[in-house]
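Please look over the sequence and the model before reading on.

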Amino acid sequence: MDDFTPTFDDNIAAYMSNDPDYLSCKKKECKKYRNGRCLVSTCGGALSFHVINIRTDIEFVLFSGGFEAPCILKRSSPVRFATPNKPLYGHLSSIDSTGTSIRLTWVSGDQKPQQVQYGDGKKQTSQVTTFSQDDMQSSALPSPAKDFGWHDPGFIHSAVMTGLKPLSNFSYRYGSDSVGWSNEIQFRTPPAGGSDELKFLAFGDMGKAPRDGSTEHYIQPGSLSVIQAMADEINSGQVDSIFHIGDISYATGFLVEWDFFLHQISPVASRVSYMTAIGNHERDYIDTGSVYITPDSGGESGVPYETYFPMPTPAKDKPWYSIEQASVHITVISTEHDWSQNSEQYQWMRRDMASVDRSKTPWLIFMGHRPMYTSAEGLFSVDPKFVFEVEPLLLQSKVDLVLFGHVHNYERTCTVYKSQCKGLPVKDENGIDTYDHSNYSAPVHAVIGMAGFTLDKFPTGVNNPWSLSRISQFGYLRGYATKKEMKLEFVNADTRKVEDRFRITKASSSN
Ligand SMILES: [Fe+2]
């Protein structure tokens with residue numbers, strides 16, 4: 001079911017008095033007069049809702065009093081989905097750096113294993129998992145996830161398609177004869193680690209927004225235009241993979257919003273590998289071992305995130321990993337788990353980055369959620385302890401580019417270390433800022449949390465010497481890497497214009 005149009009007749013007047021424009025009242029009639037004045041009038045209106053298949057019955061409720069003091073005026077009878085077991089919201093992720101295997105994860109109301117069928121007659125059977133209300137956390141204060149925002153996630157199916165060729169197009173469908181099949185979908189495998197060219201998109205803090213003007217507890221207004229712009233790029237064959245670095249759906253304990261998010265990203269995540277990092281809005285909660293003791297995940301504590309987005313991580317609740325695609329080694333960390341120098345995660349990132357063969361993958365990109373540098377104001381945007389513990393390792397490992405989100409805008413630095421510019425880019429013949437990493441001095445940082453959440457403005461009069469470009473617009477980072485250079489562009493999703501561009505070059509592949 002995609003669109004459902006309930007019509008309301010009586011009782012509408014009370015609602016209209018609170019929100020007179022919402023239903024565009026038509027055919028107004030007075031039903032009761034006193035002393036020539038109309039006491040009770042009626043009118044009619046219609047609303048259209050964009051509804052996705054969330055497997056469970058839906059009721060439409062008309063209420064007055066706003067969200068603070070809701071009073072039910074009219075309640076529809078439950079509306080059923082004709083196909084609650086339908087396989088839905090398939091999305092892809094890499095499991096390794098070969099480009100020959102890719103994982104498909106999807107959702108269904110049915111627990112029985114299903115299949116993905118792909119290529120020329122290949123098939124794989126799904127592993128099935130889910131999570132329960134008992135897996136959610138609560139505290140002295142009730143949490144959405146456990147106490148009032150719970151929604152049954154159905155079953156999450158996952159299967160790895162193997163025997164593929166890197167950087168090639170294949171098709172698949174998923175489901176079973178008993179629950180039905182998805183449409184046939186075309187997808188592209190990422191390039192193998194060590195090959196030359198990679199075209200990727202990266203961003204943070206996207207979330208979702210309703211398509212029908214309705215209200216929910218958290219809305220990220222830029223997400224629809226960002227998804228549309230990225231889908232257009234994928235349709236033109238210009239994207240090999242995607243990285244979404246934390247603050248994924250902003251469901252934050254209102255579990256049904258994961259389904260809305262998965263539906264929204266389908267046009268891109270079903271077509272190319274969609275790799276993720278965890279953010280505070282997936283992980284943080286009181287007494288659950290997150291670095292930051294905040295209720296930001298609404299009690300989810302990373303459980304839905306890890307179920308919907310299985311990444312090649314070492315274990316449950318250790319959401320760090322690395323992957324190589326063409327000439328780039330990408331190290332993905334969790335800023336929400338212990339990163340102090342004696343922690344397991346720190347030791348892992350140190351080993352991971354030390355082991356990179358820079359003749360095979362000359363570029364090292366480091367990704368996580370919370371930034372080390374931002375000019376946007378806001379308490380707690382940058383944790384000085386995180387910078388103190390981890391920044392020296394970035395320099396020591398000769399990281400080329402550091403990508404973070406969390407702050408909702410775009411900002412690019414010089415090559416920076418301990419807030420000092422170690423090197424400035426030089427304009428190339430096309431006027432593009434070019435960093436020469438043949439003569440490595442320090443990483444370039446970019447904040448790319450501008451993919452959906454309401455934007456953070458920059459204060460006037462920023463004079464951080466390390467800040468070279470600051471843009472508060474919705475969009476995403478477009479990257480193109482060969483062994484000799486990386487080109488990065490910040491794309492405005494509404495105008496599709498490139499608002500900032502820079503290059504990092506390397507004369508030879510030995511570093
Ligand atoms: Fe965040």
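Strand β23 (residues 401-404) and strand β28 pair in the parallel sense, over four bridges. Within this pairing, Leu-403 has Ala-446 of β28 as its bridge partner. The model discussed here is a predicted one.

Strand β28 covers residues 444-448. Five of its five residues are buried, so the strand is largely enclosed by the rest of the structure. Val-444, Ala-446 and Ile-448 point one way from β28, while His-445 and Val-447 point the other way.

Strand β28 is also joined to β24, by four bridges, and these two strands run antiparallel. Here Tyr-410 stands opposite Ile-448. Strands of a sheet pair through backbone hydrogen bonds, in either a parallel or an antiparallel sense.

Strand β24 (residues 410-417) has three bridges to β25 (residues 420-423), and this pair is antiparallel. Together β24 and β25 make a hairpin with two residues between them. Lys-418, in the turn, has a positive phi of about 50°.

| Strands | Direction | Bridges |
|---|---|---|
| β23 and β28 | parallel | four |
| β24 and β28 | antiparallel | four |
| β24 and β25 | antiparallel | three |
| β12 and β13 | antiparallel | three |

Strand β13 spans residues 155-161, and its Ile-156 is the bridge partner of Thr-129.

An unreviewed UniProt entry annotates residues 89-189 as "domain: Purple acid phosphatase N-terminal". Over residues 89-189 the chain is 5% helix and 45% strand, and the end C-alpha atoms are 18 Å apart.

Ala-145 lies in helix α2 (residues 144-148). Is Ala-145 buried or exposed? Ala-145 is buried, because 28 other C-beta atoms lie within 10 Å and the cut-off for a buried residue is 20 or more. Beyond its neighbours within four places in sequence, Ala-145 is in contact with several residues, including Met-136, Trp-150, Gly-253 and Glu-300. Ala-145 and Gly-253 are 108 residues apart in sequence, yet their C-alpha atoms are 3.7 Å apart in space.

Terms used. Residues numbered from 1 in each chain as written. Predicted model: local features only at pLDDT ≥ 70, side-chain atom pairs only at ≥ 80, totals over all residues. UniProt positions renumbered as here; feature names shortened; annotations may be inferred. Buried ≥ 20, exposed ≤ 12 C-beta atoms within 10 Å, placed from the backbone. Contact = placed C-beta atoms within 7 Å. Pairing = 2+ DSSP bridges.
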